[in-house]
Amino acid sequence: MSARLHDLTEEQSQIQSLAREFAQREIAPFIEKWDEEAYFEPSLVKKMGELGFLGMLLPDEYEGLGVDTSTYLLALEEIAVVDASTAVMMSVHNSLPTQMILRFGSTDQRERFLRPMARGELLGAFALSEPEAGSDAASLTTQAVRDGDDWILSGTKSWVTSGSHAGVIIAMARTDTGQERKGARGIGAFIVTPDLAGFHVGKKEDKLGLRSSPTVQLNFDGMRVPGANLLGEPHLGFVYAMKSLDSGRLGIAAQAIGIARAALEAATAYAAERRQFEQPIRDFQAIQFKLADMATRVTASRALLHLAAQAKDRGVNVKMGCSMAKLLASETAMFCTNQAVQIFGGYGYVKDYPVERFFRDAKVTEIYEGTSEIQRIVIARELYAHD
Ligand SMILES: Cc1cc2nc3c(=O)[nH]c(=O)nc-3n(C[C@H](O)[C@H](O)[C@H](O)COP(=O)(O)OP(=O)(O)OC[C@H]3O[C@@H](n4cnc5c(N)ncnc54)[C@H](O)[C@@H]3O)c2cc1C
């Protein structure tokens with residue numbers, strides 16, 4: 001449908017097929033109902049763990065698949081073509097909590113958490129945002145205070161993807177004090193588990209799209225976190241979060257490409273079937289041009305994404321590449337889903353066809369893990385970084 005400009009390895013083709021078959025079998029038959037009811041199916045986590053989809057970037061010693069970033073993103077795109085909600089759960093889990101524990105955690109933390117996370121026994125979540133701290137995430141106010149070996153956390157985290165079903169949440173909280181604020185360098189990252197006293201799941205958001213991905217507030221009410229759950233250094237949690245968000249953005253880009261591709265595939269098929277003025281609407285050049293623009297943008301977005309992924313795996317600084325990939329892919333998702341609704345006409349505006357869901361799901365890719373405005377700021381800043 002959209003052009004794939006590089007050959008896949010045998011392993012990549014196999015994992016891509018596995019992801020496609022899984023999504024078709026376990027998600028596609030139920031997706032309209034789950035979307036309508038804003039229902040998250042918990043058994044998906046265990047099933048995805050059994051197939052390796054929740055430990056894709058973890059090495060073999062932690063029961064992960066240990067594949068390269070491109071292979072992981074190919075699988076994520078296949079899941080997103082069918083269901084963007086399941087894709088965001090998969091992206092957050094693989095890109096943020098598991099990677100943060102792997103990269104910045106102690107041996108004990110890696111031993112305790114990574115295998116159950118890879119198996120799908122513990123779903124991961126990432127809690128950075130707060131009601132008053134969104135794009136300016138370093139202004140967060142959740143406070144962590146030392147008490148003997150433990151930390152006491154108080155505050156509210158918002159917009160936590162999978163937060164109501166997670167077994168492991170990496171939560172950022174201030175470790176600096178009121179008198180001595182250190183901004184981004186006064187924040188710690190804590191491994192929070194829902195059994196901790198003072199942990200509460202708060203409001204569940206009623207969203208426009210991604211309706212079967214639960215997004216919740218988490219309230220920490222004097223929550224006692226063992227010292228052994230502090231990730232790395234107490235003042236570097238924000239730095240760890242930002243480093244991890246670079247690759248998190250690649251996951252969101254793959255999700256966005258999946259949504260865009262789903263819209264392109266649906267619109268191409270519909271344009272061949274739908275007849276007006278005694279001919280299929282695909283014979284009209286106005287429709288052909290829309291499809292051509294959609295296919296071009298999907299292909300360009302995917303090419304940029306995999307260039308960034310390959311550079312990341314070579315150890316190159318890919319901050320700018322990750323932001324560019326996310327920016328282009330999320331705008332492609334909005335463009336393609338908008339065009340798909342247009343090609344479907346009135347039928348695109350109702351729930352008899354899936355393109356209205358694609359349109360609703362696409363929007364958030366321009367918002368989370370850094371809005372498009374923030375991606376442009378990162379890209380512009382990197383342009384001058386070496387002056
Ligand atoms: C469905 C969903 C899931 C999410 N999941 C998670 C999650 O798992 N974990 C988590 O921590 N967070 C999560 N988020 C939060 C998300 O990352 C934030 O919504 C996002 O960072 C934007 O913050 P905000 O909503 O507070 O918007 P604001 O920061 O208030 O931005 C409002 C507008 O102002 C613009 N703006 C802000 N600052 C600037 C600037 N300097 N220059 C130009 N424009 C600017 C923004 O681009 C935006 O258009 C999720 C959000 C949603 C909607």
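Modeller: The following account concerns helix 10 and its packing against helix 8. This is a predicted model, in which local features need pLDDT of at least 70 and side-chain atom pairs count only at pLDDT 80 or more, while totals for chains, interfaces and linings use all residues. Residues are numbered from 1 along each chain as its sequence is written, and side-chain values use heavy atoms, with hydrogens and water left out.

Helix 10 comprises residues 319–344. Helices here are DSSP runs of H or I with at least four residues, strands are runs of E with at least two, and both are numbered from the N terminus. The expected span of a helix is 1.5 Å times one less than its number of residues. After helix 10 comes Gly345, which has a positive phi, near 60°.

The helix is mostly covered, since 19 of its 26 residues are buried. Buried means under 20% relative accessible area, exposed means over 50%, and partly exposed lies in between, with a 1.4 Å probe and protein chains only. Asn338, which lies in helix 10, has a relative accessible area of 41% and is therefore partly exposed. Asn338 and Ala260 are separated by 78 residues in sequence, yet their C-alpha atoms are 9.6 Å apart in space.

The packing partner, helix 8, covers residues 237–273. Two packed helices are described by the angle between their axes and the distance between the axes. Axes are lines fitted to C-alpha atoms, for helices over the stretch in contact, and angles run from 0 to 180 degrees between N-to-C directions. For helix 8 and helix 10 the angle is about 20° and the axes are 8 Å apart. That angle makes helix 8 roughly parallel to helix 10; angles under 35 degrees count as roughly parallel, over 145 as roughly antiparallel, 65 to 115 as roughly perpendicular, and the rest as oblique. The crossing of the two helices is left-handed, a term used if the near helix is turned anticlockwise from the far one by less than a right angle, whereas clockwise gives a right-handed crossing.
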